[in-house]
Structures are given as structure tokens and as C-alpha cells.
Amino acid sequence: MPGKKIKASRVIMYILLIFGAFISLFPFYWLTVMATNESAAFMRYPPVLTFGGRFMENVQNLLNTVDFATALGNTVIVSLVRTFGGVFFCSMAAFYFAKFKFPGRRILFAFCMLTMMIPPQLNMIPQLIIMNKIGWLSTLKALIVPNLIPAFGVYWMNQYCTGAIHDDLINSAKIDGCSTFGLYIHVGLPIITPGSAFLCIYIFMESWNDYLWPLIVTNDAKKNTLQLALAQLQGAYNSTDYGMVMCGVLLATLPLFVVFLLFSRQFMADVAAGAVKD
């Protein structure tokens with residue numbers, strides 16, 4: 001009897017998990033279906049749930065309407081630089097905040113945390129003025145530098161460094177003659193890989209989906225990001241071609257899936273490996 005109850009509970013659990021996965025994945029399935037159909041299929045009732053044959057035509061209309069390739073290239077450059085630069089600087093700052101005592105450490109960290117309380121919309125006006133003063137308007141540098149080191153990244157990695165890196169490791173490396181920067185590279189960085197993987201996903205997705213800041217700081221169509229290009233599809237003709245819009249959204253979403261799958265696997269593998277260590 002107990003064995004049957006355990007099996008029944010597992011069956012129920014699997015059913016619930018399958019149902020939850022279906023609910024989560026259905027919007028992406030429907031997005032793919034709409035990207036392969038004509039615009040009229042968007043308004044049909046009951047909804048169209050089968051793939052059509054207009055995907056390549058929708059792609060061609062997309063490429064003819066906006067410079068999708070340039071926008072994609074700009075977004076890739078901005079997202080990658082912000083991701084790897086943000087992870088590097090955030091983790092390095094957090095490592096030294098967590099494991100080194102220096103004058104003003106608590107004040108600097110408190111100031112960094114206070115910036116998280118300021119709504120990002122309030123920072124955009126002074127940032128825009130600074131970008132104008134230094135001549136960075138409508139450049140990729142303006143899309144990268146102001147948001148390169150998010151305060152949340154420093155806070156997240158600081159919490160991770162505090163719990164994951166033991167002080168004895170730092171002291172042993174110092175005795176062996178490791179430099180201050182070498183402590184971060186050889187001791188801290190390998191240990192905080194799981195936290196860095198999560199931060200990579202967070203920064204990349206935030207950068208990839210950023211719309212408001214590029215809209216404000218960019219006036220050159222050649223410096224548009226994907227979000228600006230997709231916004232131009234709405235009402236590009238007298239009536240919106242929803243098949244083309246869905247096709248653009250699908251192509252813009254696929255890289256997010258790839259990044260999430262790559263880094264989430266690394267994240268889960270490192271967490272599982274750390275869970276069995278003594």
C-alpha cells in the first residue's frame with residue numbers, strides 16, 4: 001500500500017509538471033505558428049494552431065521593411081559586451097568587497113546599494129546629458145557604458161562570494177605569493193562560476209530586451225537595436241502585418257533561448273556538483 005501511494009503521488013507530480021510545461025511553452029508554440037501564417041490568421045476564431053507556409057515570405061517582408069540584420073548585429077554586440085564586461089567587473093568588485101577589508105569599504109558598498117533604490121527612469125536624463133556632452137549620442141558606446149556595471153550584479157555576486165569563498169583559501173593563496181588580482185582570477189573566479197552563470201543570463205536578457213534607453217539615446221537608424229526595429233513593424237503599412245511582426249519577434253527570441261540553455265545547464269551542473277562536496 002505505501003508503495004502504491006508513492007507511485008500515485010509521482011504520477012500526479014509528473015502530470016502537474018507536464019501541464020505546467022505545456023502552459024509555459026504554448027505561447028512560444030503559438031508565436032511560431034503565427035510566424036508561418038498570413039496576417040488574417042491572427043484574428044481567426046477558433047485560433048489557428050497549425051503551421052502555415054508563409055514563413056519565408058514573412059521573413060522577406062521583414063527584411064524589406066526594416067534593417068533587421070544591422071539591428072541584430074548591434075544588439076549582439078551590445079548584449080555580449082555588457083554581459084561579459086558586467087560579469088567581470090561585478091564579480092571582481094564583489095569579490096574584493098566580500099573578502100578584503102580596506103578604508104571606506106562599507107561606505108562604498110552602501111552607496112552602491114543605494115543606487116538600486118533610484119528608479120532607472122530618473123537616471124536617463126542626466127545620462128543623456130552626459131552622452132551628449134562627450135559626443136556619444138547614437139553610438140554603441142552610449143548603449144554599453146552607462147549600464148555596464150549594474151548594482152544588482154555587485155550585490156548578487158557579493159552575497160555569493162561571502163558564502164562560497166572560504167577565508168582559508170584566500171590566506172593560503174596569499175602565503176603562496178598570489179597577487180591581489182591573482183586571488184580573484186585563480187581563487188575567486190572558479191568558485192563563483194554558478195553565480196556568474198546566473199548573472200550572465202540576467203544581464204544578457206536585460207540588455208537584449210532593453211527598449212527605452214536605446215530609444216532615447218539613438219537617432220541613427222544604423223545604430224538601432226532589435227527592440228527599436230521591431231517597434232517600427234507596428235503600423236509599417238496601412239494595416240499591421242501580424243505575420244511579419246510575429247516572424248520578427250520569433251527571430252529576436254531565438255538567441256535568448258540559446259543563451260538560456262547554455263548558461264542554465266552550466267548553472268545547474270555547478271550547483272549540483274557543489275551540493276555533493278564535503
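This is a predicted model: local features need pLDDT of at least 70, side-chain atom pairs count only at pLDDT 80 or more; totals for chains, interfaces and linings use all residues.
## Largest pocket

At least two lining residues each come from α4 (105-114), α5 (120-133), α7 (151-164), α10 (193-208) and α11 (212-217), helices being DSSP runs of H or I with at least four residues; α5 supplies the largest share, five residues. By class, the lining has 16 nonpolar, five polar and three charged residues, where Asp, Glu, Lys and Arg count as charged and Pro is among the nonpolar types.

## Annotated segments

The unreviewed UniProt entry places the feature "transmembrane region" at residues 12-31, 76-98, 107-130, 136-156, 181-205 and 242-263, although such annotations may be inferred rather than shown by experiment. Residues 12-31 are 100% helix, with end C-alpha atoms 29 Å apart, whereas residues 136-156 are 52% helix, with end C-alpha atoms 30 Å apart.

## Confidence and conventions

The pLDDT (the predictor's confidence in each residue, from 0 to 100) averages 85, and 91% of the residues score at least 70. Over residues 273-278 the pLDDT is below 50, and this stretch has zero contacts (heavy atoms within 4.5 Å) beyond near neighbours in sequence.

Residues are numbered from 1 along each chain as its sequence is written, and side-chain values use heavy atoms, without hydrogens and water. Local features need pLDDT of at least 70 and side-chain atom pairs count only at pLDDT 80 or more, while totals for chains, interfaces and linings use all residues.
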